[in-house]
Amino acid sequence: MQKQECIAMLLAGGQGSRLGGLTHNIAKPAVSFCGKYRIIDFSLSNCANSNINTVGVLTQYKPYLLNSYIGLGSAWNLDNPFGGVHILPPYVGDNEGSWYQGTANAIYQNLDFINFYDPKYVLIISGDHIYKMNYLSMLKDHKENGSDITVSTIEVPWEEVSRFGIVTIDQEGKVIKFMEKLPDPESNLASMGIYIFNWSILRQALIDDALDPLSENDFGKNIIPKQIELGKKVFAYNFQGYWRDVGTIESYYNANMESLDGEDSIDLFDPGQRVFSNEDILPPQYIGPTAKIQNSLISNGCVVLGQVSHSILAPGTYVGEGSIVEDSILLPHAKVHRETTINKTIIGEGAKIMSHCSLGREPGPIPQQSGITVLEDHYVLEKGSVIQAGSNLNAC
């Protein structure tokens with residue numbers, strides 16, 4: 001075993017209930033994004049591009065697809081003899097025998113894993129954000145500041161601040177307050193849920209937190225505010241790039257659509273900072289003689305016979321002859337049969353829309369779009385169905 005300077009702990013066990021039917025069968029980090037990717041690809045690719053080659057992935061909710069997708073980490077060039085990717089579900093040990101109770105408790109239950117590598121630094125990241133970051137730049141700042149803890153931050157619109165943990169810093173960039181999801185915070189500098197800890201500081205903080213019966217075992221609510229209170233050196237790393245928390249249907253939909261809309265989007269085509277994925281090996285896309293496609297992402301294995309405009313088609317999707325797909329996202333292996341109209345709709349993995357259906361339009365002489373329509377994975381919509389905008393269709 002080769003001692004690692006910095007290892008990553010990737011939190012990927014969240015249920016993602018605000019994504020509704022998209023996470024009834026799979027964990028949020030496994031949800032498809034921008035066609036060929038899954039959400040977790042971005043954090044794993046960041047690790048690979050930052051030469052952080054020991055990654056513990058903490059899974060819990062509906063882990064089967066996520067576990068099989070990650071495998072040994074070879075798709076991200078993380079299958080190496082000195083570390084690699086390790087799936088870390090909850091387990092029964094001498095002192096623990098429960099599900100992960102919070103982000104901090106999840107790391108606490110894996111102290112033995114971190115001890116095995118005995119790193120100097122531990123990077124804690126989430127598997128449900130869309131962004132590109134060189135973690136080594138953040139680690140460089142951490143060292144130069146002589147930090148005990150570094151929190152990656154980004155400015156968010158004031159109307160969205162209540163969704164995030166908000167950081168207040170002094171003139172030197174030192175964090176003086178860290179408050180979770182306040183209705184009226186004094187700053188719009190949001191925590192990105194990315195932290196670097198000195199391992200000795202993190203280990204003691206987790207042990208102390210586990211002994212506190214009043215703690216919610218959460219980094220943002222408990223660990224970091226407590227360390228600030230104790231006088232530890234906590235600094236902010238001000239991130240300047242693209243970052244999106246895709247925890248709601250609206251934010252997930254908007255982040256996908258941004259990839260079609262211009263400069264303020266994730267750059268999927270930068271060869272210097274690639275996003276890797278473990279996508280299925282499928283045949284090339286087939287664009288039929290009756291197809292019309294405009295401003296869309298079309299993945300491998302797709303068959304398009306109808307019209308597709310400003311939409312994203314994940315691998316293996318099908319759009320039948322005479323069908324119109326606008327401003328929509330079709331997740332892997334979704335099928336839209338002939339003469340069907342779809343607007344501003346997310347079609348779940350493996351869902352089937354039979355012929356002569358209409359989804360996502362408000363009734364009236366001049367149809368108007370309003371709200372995002374969502375069909376759960378593997379949903380089957382019967383022939384001739386009319387589904388109004390903003391509906392959420394679940395299999396049960």
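Author: A crossing is left-handed if the near helix is turned anticlockwise from the far one by less than a right angle, and right-handed if clockwise. Helices (H or I, at least four residues) and strands (E, at least two) are DSSP runs, numbered from the N terminus. This is a predicted model: local features need pLDDT of at least 70, side-chain atom pairs count only at pLDDT 80 or more, while totals for chains, interfaces and linings use all residues. Residues are numbered from 1 along each chain as its sequence is written, and side-chain values use heavy atoms, without hydrogens or water.

Reader: Which handedness does the crossing of α6 and α7 have?
Author: Right-handed. Their axes (lines fitted to C-alpha atoms over the stretch in contact, with angles from 0 to 180 degrees between N-to-C directions) come within 11 Å and cross at roughly 115°. Contact means heavy atoms within 4.5 Å; here Ile201, Leu202, Ala205, Leu206 and Asp209 of α6 meet Phe219, Asn222, Ile223 and Gln227 of α7.

Reader: And sheets: in what order do the six strands of the open sheet lie?
Author: Strands pair if DSSP finds at least two bridges between them. The order is β14-β17-β20-β23-β26-β29, with parallel pairing. β14 (286–287) and β29 (380–381) each have a single partner strand, so one side of each lacks a neighbour in the sheet.

Reader: How is β17 joined to β20?
Author: By two bridges, between residues 303–304 and residues 318–319. Val303 stands opposite Tyr318 in β20.
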